[in-house]
Amino acid sequence: MAKILAIESSCDETAVAITDNGKLLANVVATQIAVHEKFGGVMPEIASRLHTENIGACLQQALDESGLKFEDMDAFAVTRGPGLIGCLHVGLQAAKTLAMLYQKPLIPVHHLAGHIYANEYVGTMQFPLLCVVVSGGNTEFVIMKDHMDFDIVGETKDDAVGECYDKVARVLGLPYPGGLPIDQHAKNGKPVIHLPVPEAGGGKYDVSYSGLKTAVINYVNNRKQKGETVDVDDMACSFQTVAIGMILDKAMRAAKDYNVKQVILAGGVSANSYLRAKMKEQLEGTGIDLIIPPLWCTTDNAAMIAKVAERLYEKGFFAPLDLGVDPNWKIDAWDDYSTR
Ligand code: KG4
């Protein structure tokens, strides 16, 4: 293995990690949540600017924590997509500059592959496995028959589940990002408000969130118009039961149909306490193993990017220095560096 410096800047976290022979030496994350909070969501232009401001300090802190220098690295890795285009550019330009200056390979990493491989910090993958990738920007069910072999068998037809949590939180007057506050309020509520379980159509394992989001918004607005209040705890619980219920239902179906040995959770929404508990409960007695990532690797970080990069370094999978970002990069095309 090698010494790898990895950069992540696809959304609202500027992150730099350094690994040496698989050991995590530095894991720096500068989050912009406090800035975006007042807008109720990530403002792309502000996010890019903040990455530009933060990247230098994050790189320096990672070097300090690891006790290494740029010239000690064997490769520079970076999230190339998916994500916000301006944000991705900041990380890619930094990684390309370092690769060029220190004459070391550049390793572009798919963001969701990073979320999946974050689990390697706590467990060993057993194939075939099902990855339940649930984040602010993505909702995908991915079957892996081997390392770096991703087959998307189901996905959202519209909004991502995390995005839906954030919008519902906003309409309920809860802070951004909305996942954790809804999760907490749900614990005090009951699933007594009827919300439709959306039918995604399309594939057997697809999901849909825009209808659920609209149903919550309409319910809250109708109540307001009548001068009535909404019980936030009950709404959080009712919403969460349907939102996570869809994930559990599709995941269990895919796990059985593909005869998987393991299920792994990935992405920011995998921090959800109801999803974690219910997934564990439903897999009990099935013989299917479950890896749940520790909370520190559910949100965006560069340690997960380094994990994938180690594997690609071993394969000698490097990119040319004229590489561009790909905001819509699909995980099953992670080795395709052409820009569409
Ligand atoms: O993976 P992530 O950090 O960003 C993306 O790459 O998209 O995920 C952030 C998302 C946000 O939408 C946030 O509301 C959600 O993860 N989230 C949660 C919880 N904690 C964070 N959603 C549900 N329950 C949680 N406990």
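This is a predicted model: local features need pLDDT of at least 70, side-chain atom pairs count only at pLDDT 80 or more; totals for chains, interfaces and linings use all residues.
Residues are numbered from 1 along each chain as its sequence is written, and side-chain values use heavy atoms, with hydrogens and water left out.

Back to the pocket. A pocket here is an open set of points on a 1 Å grid over the protein atoms alone, where a 1.4 Å probe fits, with protein on both sides within 12 Å along at least five of seven lines; lining residues have an atom within 4 Å of a point. The volume of the second largest pocket is about 210 Å³, counted as the space filled by probe spheres set on the points, which are joined across faces, edges and corners. Its lining has six nonpolar, five polar and six charged residues. For these classes, Ala, Val, Leu, Ile, Met, Phe, Trp, Tyr, Cys and Pro are nonpolar, Asp, Glu, Lys and Arg are charged, and the others, Gly among them, are polar.

Now the ligand. There are 21 residues around the ligand, each with a heavy atom within 4 Å of it. Gly 136, Asp 166, Gly 179, Gly 268 and Asn 272 come nearest. This shell holds five nonpolar, 13 polar and three charged residues.

Where does the ligand lie? Domain 1 (3–116 + 299–333) and domain 2 (125–292) both give residues to the shell, so the ligand lies between them. Those bounds come from an automatic or database domain assignment.

Next, polar contacts, meaning pairs of N or O atoms within 3.5 Å. A polar backbone atom of Gly 268 is 2.9 Å from a ligand oxygen. The side chain of Asn 272 has an N or O atom 2.9 Å from a ligand nitrogen. For Asp 300, a polar side-chain atom lies 3.2 Å from a ligand oxygen.

Last, the backbone. Most peptide bonds are trans. The bond from Gly 81 to Pro 82 is cis, with omega near -10°. Pro 82 sits in the loop between strand S4 (75–81) and helix H3 (85–101); helices (H or I, at least four residues) and strands (E, at least two) are DSSP runs, numbered from the N terminus. The bond from Tyr 176 to Pro 177 is also cis, with omega near -5°.

Technical notes: A polar contact is a pair of N or O atoms within 3.5 Å; within protein, one must be able to donate a hydrogen and the other to accept it, and residues adjacent in sequence count only if both atoms are side-chain atoms.
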